[in-house]
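Please keep the sequence and the structure in view while reading.

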Amino acid sequence: MFIIKKVVLSSIAALVSLIIIFLVGYVSINGVPYKKTQAAKQIKTYLITKKNYTEDEIYNIKGSVSKSSTCRYGAEVTFKDEIGYPYEYGVCNDGEIHQQGYTSTTPKHLDDN
């Protein structure tokens, strides 16, 4: 009886360890979903209040994560007049939002910062 309990507890401990390893790996690669959502909201607010875009000009905003240690979370923004050419924005550690990249060869929405 004691051996069975020991085997069951060892199995549970191994399973819990594997789950923790999986979750840590997933978050390190894909980021924390809540933080990606928050970054997308911050960037939408930034575009509307600071850059004077209207909601009608923005086609899509999708939270993202990067390998950068200074701007880990951000969003991929697609504007209605450039569908298929997303822009990348990052919410940096200092709280500032910066445009970090674009895919268009003739970008219409470059930030001056």
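In which strand is the place of Gly90? Gly90 belongs to strand S3, which covers residues 87-91; strands (E, at least two residues) and helices (H or I, at least four) are DSSP runs, numbered from the N terminus. The model is predicted, so local features need pLDDT of at least 70 and side-chain atom pairs count only at pLDDT 80 or more, while totals for chains, interfaces and linings use all residues. Residues are numbered from 1 along each chain as its sequence is written, and side-chain values use heavy atoms, with hydrogens and water left out.

**Surroundings of Gly90**
- Gly90 is buried, with a relative accessible area of 0%; buried means under 20% relative accessible area, exposed over 50%, and partly exposed in between (1.4 Å probe, protein chains only).
- Leaving aside residues up to four places away in sequence, Gly90 touches Ile43, Cys71, Tyr73, Gly74, Glu96, Ile97, His98 and Gln100, where contact means heavy atoms within 4.5 Å.
- From C-alpha to C-alpha, Gly90 and Leu110 are 14 Å apart in space, and they are 20 residues apart in sequence.

**The salt bridge**
- Side chains of opposite charge can pair when their charged atoms come close.
- A search of the whole structure finds one salt bridge, defined as a side-chain nitrogen of Lys or Arg within 4 Å of a carboxyl oxygen of Asp or Glu.
- The side chains of Glu55 and Lys44 meet in a salt bridge at 3.4 Å, N to O.
- Lys44 lies in helix H2 and Glu55 in the loop between helix H2 (33-49) and strand S1 (58-65), so the pair ties together parts that are 11 residues apart in sequence.
- Glu55 is exposed, with a relative accessible area of 52%, whereas Lys44 counts as partly exposed at 33%.

**Asp111, a charged residue without a salt bridge**
- Asp111 is located in the segment after strand S4 (97-102).
- Asp111 is buried yet has no salt bridge, and the nearest side chain of opposite charge, Lys51, is 4.2 Å away; Lys and Arg count as positive and Asp and Glu as negative, while His and the chain ends are not counted.
- Not counting residues up to four places away in sequence, Asp111 touches Tyr46, Lys51, Tyr89 and Gln99.

**Ile12 in its helix**
- Ile12 is in helix H1, residues 2-30.
- Ile12 counts as partly exposed, at 46% relative accessibility.
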